[in-house]
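Subject: Structure handover

Hello,

Here is the structure we spoke about.

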Amino acid sequence: MIDVVSGVLVALDLVAGLFFLKFWAASRDRLFAMFATAFWILAVQRLLLAATRSVFEDQALFYTLRLLAFVIIIVAIVDKNRR
Amino acid sequence: MLANAIYVLCALTSILCAVLLIRGYRESRVRLLFWSAWCFAGLALNNILLILDVRLLPDFSLEIWRTVPAVIGVALLVYGLVWESAR
Amino acid sequence: MFPDVAACLHFPRSSVASTVSEHLQRFIRERLPSLEQIEIVILLRSDPSRAWTALEVSEKLGTPPESTAMRLFLLASNGVLSFESAGVPKYRYAAADAATDQLVTELARTYDEQRDALYELVGAPTRDPLRSFADAFKLKK
């Protein structure tokens, strides 16, 4: 069951990232490019988690990827406020 | 413990995003912001439950329960992106 | 459906037309019949000493420059703004008389306190969802 739920989440993250990519193409606002990247990293993290059948995300690869995704979101917010 | 610190950061970032988006929704009434806010609330909950899960008894896993808020959140985001992103 | 439920959680909607005074409604109908014009006037009024170009105003409000320039010109010929044509046209808040100034003050207060009522009168703004999403992340407005 968890594999199904994970798979759904991976797909949703990918689609969300795709929309943000489209928004970036439409508006050239790099906040959207960063959000797209962040969501795709979350998708990859979730995929790897499911593929390796890990339960706890306390392995370095998983939390590093998640950290990267959220750091990119933070950078996007900081960048938006600096302009 | 580094992992926990990272998930705390992720949760706080998600909460910040949710708050900013709800504030934006209140001002502009743009529905995309409403759905997006719920996504980040779901991600925040996912990160918080992840931190709690590690501390609970090993024979009780929150695995599905902590993933469900993330799924619902991102699903609501995608709903908003599909229907509410055109002018 | 859900956002309307959420809207009920904030201010209860009173019967909106009655909260904006009759003379203000008439003023808006006659001199500032669109939300864009109202927002231009409120923006320029916030700093009466400053002279704005159409480009500056359009960037600040996020509106297209051509329609903004047209509205600025309209407002100047309506006695709400003054117009300086040295080089690039610049506009400044300058109400033609005290009565107008008082009405604009009341309008600005209504814009802050009863914006929904104003939207009922002149129409809600058509906001670009993408721009609103990105702008939501500005910590200071």
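How many bridges join strand 2 of chain C to strand 3 of chain C? The two strands run antiparallel and four bridges join them. One point before the rest: this is a predicted model, in which local features need pLDDT of at least 70, side-chain atom pairs count only at pLDDT 80 or more, and totals for chains, interfaces and linings use all residues. Residues are numbered from 1 along each chain as its sequence is written, and chains are lettered from A and ligands numbered from 1 in the order in which they are written.

Sheet of chain C

Helices (H or I, at least four residues) and strands (E, at least two) are DSSP runs, numbered from the N terminus. Two strands pair if DSSP finds at least two bridges between them. On that basis chain C has an open sheet of three strands in the order 1-3-2, with antiparallel pairing. Strand 1 (52-53) and strand 2 of chain C are at the edges with a single partner strand each, so one side of each has no neighbour in the sheet. Within the pairing, Ser82(C) has Arg92(C) in strand 3 of chain C as its bridge partner.

Two helices pack on this sheet. Contact here means C-beta atoms, placed from the backbone, within 7 Å; axes are lines fitted to C-alpha atoms, for helices over the stretch in contact, with angles from 0 to 180 degrees between N-to-C directions. Helix 3 (residues 35-45) of chain C touches strand 1, strand 2 and strand 3, and its direction makes about 80° with that of strand 3. Helix 5 (residues 65-77) of chain C touches strand 2 and strand 3, at about 110° to the direction of strand 2.

Ala86(C) is in the loop between strand 2 (81-84) and strand 3 (90-93) of chain C. A residue is buried if 20 or more other C-beta atoms lie within 10 Å of its own, exposed if 12 or fewer, and partly exposed in between, with C-beta atoms placed from the backbone. Ala86(C) counts as exposed because it has 7 C-beta neighbours inside 10 Å.

Chain A

Chain A has three helices and zero strands. Buried residues make up 39% of its 83 residues, and its C-alpha trace spans about 40 × 25 × 10 Å along the principal axes.

Chains A and B

The contact takes 21 residues from each of chain B and chain A. On the chain B side, helix 1 (2-28), helix 2 (31-55) and helix 3 (63-83) each give two or more residues. Helix 3 of chain B gives the largest share, 11 residues. By class, the chain B side has 16 nonpolar, four polar and one charged; Ala, Val, Leu, Ile, Met, Phe, Trp, Tyr, Cys and Pro count as nonpolar, Asp, Glu, Lys and Arg as charged, and the others, Gly among them, as polar.

The axes of helix 1 (residues 2-27) of chain A and helix 3 of chain B come within 9 Å and cross at roughly 30°. That makes the two helices roughly parallel, a label for angles under 35 degrees, with over 145 being roughly antiparallel, 65 to 115 roughly perpendicular and the rest oblique.

Chains B and C

Here 13 residues of chain C are in contact with 15 residues of chain B. Helix 8 of chain C gives the most to the chain C side, with six residues.

Regards
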